[in-house]
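Colleague: I'm new to this one. Could you walk me through how to read it?

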Amino acid sequence: MSLTRSAGKFVGGILFSLALALAITAAGLADFTARGNAIPFFTNILGPYATATIRQSVQGVDNYAQRQDVLAMCEGREALQSGAVDMSSVGGGSLQISISCPELIAATEYSPDVAATVGNLTAKAVANALYDYNYTCGFVDCMQQGRLLVVMSAEGNAFFLFVQPVLAIITAAGAVMLLAANENWAARLKSIGTHTAMVGVAYFILTFGKSYMISAMVPSSAKAQLATAGIDIGAMVDSVVGPMNDMLLYTFVAGVAIVAAGYIIAWRWPEKARVQPQQPQSVLDIKK
């Protein structure tokens, strides 16, 4: 029996901890890759580059003349269409960028910086095209093929939403195994609470180790170039890990509280924390 309980504690602990960690990750990524968050993220990254490119092409042309050029390009058109953009270098195929002419004209009408306005609208159009890109492979297949942009797409967001209930069920199954494998409520709460708190420890790793991870992953020259382009790499990382960081903190606090409840039960109601051995019935008792 003790061997069965030990196996249940081990397997249940692995299932519970791993599924809970993955569920939190999936929930965070689902929030981050929602259209309302993913499009601004892409736009903030691409906007400075698009603006710099446009400024270079209209160098020496005043703001009024730039607006007249916009009106001329949009005359008689609903949208400006780009040619097919090759995305093979980042794991994609090709996509076409479309900028709404009514939106472009309205945005530049009173803009003090037409180049920046057009650059931001161009970046937004690229972001929407990337997000809505129709991948021919499923999410897992795309990841295996190195088409990592699928993570930041509508398809990726749908995948993260889909796996959340599956991971929640596995987490619950692991919790049931831990409950069944431990002999009393004090031990059960301590076991579940400890595994929960261990998952929540990732909050402190992400919070205090963020600067080190950025330094290790992004060369100093690249950080300087990004800063020159107006891109804050720290803010980018915060936008990625932020949604799950709060959940990890709540998880850690909940785990500590559950462990504390287990110790309180063991101290305040020791009879509930003690395994009560079953006494065999006597023959006379059975006859009665």
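**Reading the helices and their pairings**

Modeller: Let's begin with α5, which is mostly covered: 13 of its 18 residues are buried. Buried means under 20% relative accessible area, exposed means over 50%, and partly exposed lies in between (1.4 Å probe, protein chains only). Helices (H or I, at least four residues) and strands (E, at least two) are DSSP runs, numbered from the N terminus. Keep in mind that this is a predicted model, where local features need pLDDT of at least 70 and side-chain atom pairs count only at pLDDT 80 or more, while totals for chains, interfaces and linings use all residues. Residues are numbered from 1 along each chain as its sequence is written, and side-chain values use heavy atoms, with hydrogens and water left out.

Colleague: What span does α5 reach from its first C-alpha to its last?

Modeller: The expected span of a helix is 1.5 Å times one less than its number of residues. With 18 residues, α5 reaches 26 Å, close to the 26 Å expected.

Colleague: How do I read a salt bridge, and how many does the structure hold?

Modeller: Side chains of opposite charge can pair when their charged atoms come close. The cut-off here is a side-chain nitrogen of Lys or Arg within 4 Å of a carboxyl oxygen of Asp or Glu. The structure holds 3 such salt bridges. One of them joins Arg35 to Asp132, with the closest N and O atoms 2.4 Å apart. This pair links distant parts of the chain, 97 residues apart: Arg35 is in helix α2 (residues 35-57), and Asp132 is in the loop between α5 (114-131) and α6 (139-144).

Colleague: Are those two residues buried, exposed or partly exposed, and what are the values?

Modeller: Arg35 is partly exposed at 37% relative accessible area, and Asp132 is partly exposed too, at 43%.

Colleague: Now helix packing. At what angle do α1 and α8 pack, and how far apart are their axes?

Modeller: Two packed helices are described by the angle between their axes and the distance between the axes. Axes are lines fitted to C-alpha atoms, for helices over the stretch in contact, and angles run from 0 to 180 degrees between N-to-C directions. Helix α1 (residues 2-32) and helix α8 (residues 185-200) pack at about 35 degrees, with axes 10 Å apart.

Colleague: Which residues meet there?

Modeller: Contact means heavy atoms within 4.5 Å. From α1, the residues include Phe16, Leu20 and Ile24, and among those they meet in α8 are Ile192 and Val199.

Colleague: Last one: where is Met152 placed?

Modeller: Met152 is in the loop between α6 and α7 (154-181), and is buried at 10% relative accessible area. Not counting residues up to four places away in sequence, Met152 touches several residues, including Phe32, Phe41 and Leu130.
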